[in-house]
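Here are my notes on the model you sent over.

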Amino acid sequence: MNDGLKKFLLDFYNWVTGNGARTENEDAMTELPPVLPFTMEPDKIQSRFHEKTLQERRKDWINLHGLSVFSILYRSFSIITCVVIVGLLLITVSELPPFGDENNPANNEVIDRYIKLGGNETGAQNIVAGMILDYRAFDTFGESAVLFTGAVSVLMILSAARRKNDEPKNKLHSGFNDRNFLKRAPPIHELKDDDAILRGVASLSIPAIILMGCVVIINGHLTPGGGFSGGAVLSTALILCANAYGFKKVHEFFNERTYIFSSSSALLIYALSKGYSFFTGANHIESGIPIGTIGNIFSAGLILPLNICVGIIVAGTLYGVYALFSEGEI
Amino acid sequence: MTVKTLAYNIPFISIFLMMIAAIITPVLPKRHRIPEKLSCICLFIVAVLSGYLIYALDTANGDIAFNFPVGHYPAPWGNELRAGLLEAVLAFCYSIAMLLSLTGNFQSTAEDIPERRRSFYCVLMNLLAASLLALTYANDIFTSYVFIEINTIAACSIVAVKNSASTIRAALRYLIMSLVGSGLVLISICLLYDLTGHLLMQPMHTKIIELVKNGKYIFPLTVSLALITAGLAIKSALYPFSFWLPDAHGSSTNASSAVLSGLVLKGHIFLIIKLFLRVFGLDVIEALRMDKVIFILGVTAMIMGSVHALKQLNIKRMIAWSSVAQVGYIFLGLGLNSVEGISAACLHIIVHACVKPMLFTSAGGLSAAADHLKSLHDLLGTFYINKWAGLGFVAGACSMMGIPGFAGFASKISLTMASFDSPLIIWSLAALALSSVLNALYYVPAMIAILTGTDEKIHGVHEKIIIPLSFKISIGMFIALNFYLGLRFVPLLRLIMRGVNIFG
């Protein structure tokens, strides 16, 4: 092998393992290697100059620059990913069937039956209500259960954490305690003084909002609206009430117990009544639920009670999540 | 060809039973652990019913699968459930595994979660069970999505139930990744509806075949397939998307870890199988080259999951990374894109659903014997303190390594046999061999650690800990299941293959 190449390889090996030729005036180099930020423990003071191995150099480099390089890479990769996905989706959307074209695949026998026979089969004047609460009621049951799941999760995580903080603190565990970290921020909605304007407007509008919510729910099978939208309207009345008169006022008639009880029973009524209807439908038994005359309040079979159940769940859950996040309890 | 009336109603009854159990749990009294007992009873009923459904479908004339219209309206207008042998076997396996995970961790749940929370915890467990059953039986892509949502929220909350900083952080990571997955799935469902005009799986399939034959809308179809597969892959922790898993599964309470690792991942994987077989069809998947992508990701997961597990010192995190590797096996079977491959993948779903909860339950028992420390160094000799947990861990580890006679062997040999018919045979065999060796590299030291004890631990000078009866029973049942699956897997595999053949 060529001598020059051999020397080069030897030098390279020494550079990697850190056993390079000693510098001539070793005693003069008493200067310590620089102390780097973020090193876990200070290196042992070495009396002799120690040439760094490749691994040590890499470690130092990572300690010095790692975080900034990582954040640059992270940001650029996330931007690139977003741009690629957005571009891909835009190209895809441009190749989809044109919007509103009558020959689209979505305009098929399914839609046809919903529109033409929906009224007669479900008894609902509002075709959408007929679709979501009769044709595809199983999905809507699932959706109500999603709300229920969310509310139960928030209740479990936030409410139980609050109870724990109320317990007298053990002196041994003061300071940062793993269990106590979910400390509640001081309530921002504490009433500072009597807000006459807010209370005045609230006292006028809350009855109107409640009426509006009830109308939207009860007419769900006749006009646009239904349990989800009506329930959202009702929950705004509760939220307004809490803001104007304080959460304590709402607690007098709507607390955690009421919430759990009302949601559970509404969902249970939904599950049992619709379960009966599903069961009879699948086994080809007459369910005996009257459809009534289209356009009457008491018509459309189970849609009216189901709308009321969904409304109760939605109203309670939306208010409950608001109260839990701002107050820490319902 | 029809089935008996009771069997016909079982899919619906199972889902509704778990839903109703979830709904009434919050109003039940919290004393005497009534909510948990109710969950266990309901899961037991579901298991018995699913067992009967398997029996009824097995003994019916010919191989049949039936559709159950949920409501008074027939197929493309109303919702529909569909049940065949494969779905019944999976429902049986899910309910048994969940029941044993709950009973096995009865004590550790009580230690980790205050009573007030435990009632809500049971609600979420029941909802998880209901959503898993619904994902198994649903024949409608939007119904599946609704239950994916329930599954996601409940799964994230059962991670966060143990109120410590690390679990909340893990739950948040899990939630964010899961929501990205849900978003991709939802976008894809919208695209598919726009292209086909159906949400029900069979009409969708007919329409997709038509589109592919005419060469229309191929690009949007490919994008929607890629998006829905990616979304579900994120949720089922396929390797490059799996970095949320070790935190979430490693830091939560034992019952949550067992259920999340053993069952929740499987619900989403089964939905991918359903999409491939029932919505797109294997030919379309091959034409759009999705099987190759899945295969490569599966092989990567098998190796990288084990490599990450090798680095772990915390026993629960090690088992969690091993789940990533095991998910890779399932995707490898899927990537073979044949009936045999998919049957082997389904067998591995069942095997993993029975073994992983056992490993997590035993690991919990072992760490309880070492003052709740989870590092392998602290677990030295714990086998002799809690022998039931030790036996469970050894059986689970042997199974994960694929020792003949244990459950893991069954699925590994089936995957090997399935890959003989595939053009990818070399890659698949090499990956299986390498991954088995890697599995042994971290399970054997863990076993040595728990079996190596100081004299006082071996000779019982340590303080005795009381092992609850429920723990003993569950571990015993898990070990029995393990041996049953390992020794008598051929009839089960045949059952699954019959199920896969009529799945579409």
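1. Helix H6(B) is well tucked away: 19 of its 20 residues are buried, so it is largely enclosed by the rest of the structure. A residue counts as buried if 20 or more other C-beta atoms lie within 10 Å of its own, as exposed if 12 or fewer do, and as partly exposed in between, with C-beta atoms placed from the backbone. This helix covers residues 141-160 of chain B and reaches 29 Å from its first C-alpha to its last, close to the 28 Å expected at 1.5 Å a residue. That expected span is 1.5 Å times one less than the number of residues. Helices here are DSSP runs (H or I, at least four residues), strands are E runs of at least two, and both are numbered from the N terminus.

2. A word on what you're looking at. This is a predicted model, where local features need pLDDT of at least 70 and side-chain atom pairs count only at pLDDT 80 or more, while totals for chains, interfaces and linings use all residues. Residues are numbered from 1 along each chain as its sequence is written, and chains are lettered from A and ligands numbered from 1 in the order in which they are written.

3. H15(B) is another covered helix, with 30 of its 31 residues buried. It takes in residues 339-369 of chain B; at 1.5 Å a residue it should span 45 Å, and its end C-alpha atoms are 45 Å apart, which agrees. After H15(B) comes Asp371(B), with a positive phi near 60 degrees.

4. Most residues other than glycine have a negative phi. Arg33(B), however, has a positive phi of about 55 degrees, and its place is in the loop between helix H1 (5-24) and H2 of chain B. Arg33(B) counts as partly exposed because it has 16 C-beta neighbours inside 10 Å. Arg289(B) has a positive phi of about 60 degrees and sits in the loop between helix H12 (282-287) and helix H13 (290-310) of chain B. With 11 C-beta neighbours inside 10 Å, Arg289(B) counts as exposed.

5. How do H1(B) and H2(B) pack? Their axes are 9 Å apart, at an angle of about 170 degrees. Axes are lines fitted to C-alpha atoms, for helices over the stretch in contact, and angles run from 0 to 180 degrees between N-to-C directions. H1(B) and H2(B) are therefore roughly antiparallel; angles under 35 degrees count as roughly parallel, over 145 as roughly antiparallel, 65 to 115 as roughly perpendicular and the rest as oblique. By class, their contact has 14 nonpolar, 3 polar and no charged residues. For these classes, Ala, Val, Leu, Ile, Met, Phe, Trp, Tyr, Cys and Pro count as nonpolar, Asp, Glu, Lys and Arg as charged, and the others, Gly among them, as polar.

6. H2(B) (residues 34-59) also meets H3(B) (residues 85-104): the axes come within 8 Å and cross at roughly 155 degrees. H2(B) passes H3(B) in a left-handed crossing, meaning that the near helix is turned anticlockwise from the far one by less than a right angle (clockwise would be right-handed). The residues of this contact divide into 17 nonpolar, 5 polar and 2 charged.

7. Gly231(B) lies in helix H9 (residues 218-235) of chain B and is buried, with 27 other C-beta atoms within 10 Å. Which residues does Gly231(B) contact, leaving aside its neighbours within four places in sequence? They are Gly181(B), Ser182(B), Leu184(B), Val185(B) and Ser188(B), where contact means C-beta atoms, placed from the backbone, within 7 Å. Gly231(B) and Ser188(B) are 43 residues apart in sequence, yet 9.0 Å apart in space, C-alpha to C-alpha.

8. On to chain A, which has 10 helices and 0 strands. Buried residues make up 28% of its 330 residues. In chain A, the axes of H6(A) (residues 196-218) and H7(A) (residues 227-245) come within 8 Å and cross at roughly 165 degrees.

9. Finally, the contact between the chains takes 46 residues from chain A and 52 residues from chain B. H5(A) gives the most to the chain A side, with 17 residues. That side has 27 nonpolar, 10 polar and 9 charged residues.

Conventions:
Two residues are in contact if their C-beta atoms, placed from the backbone, lie within 7 Å.
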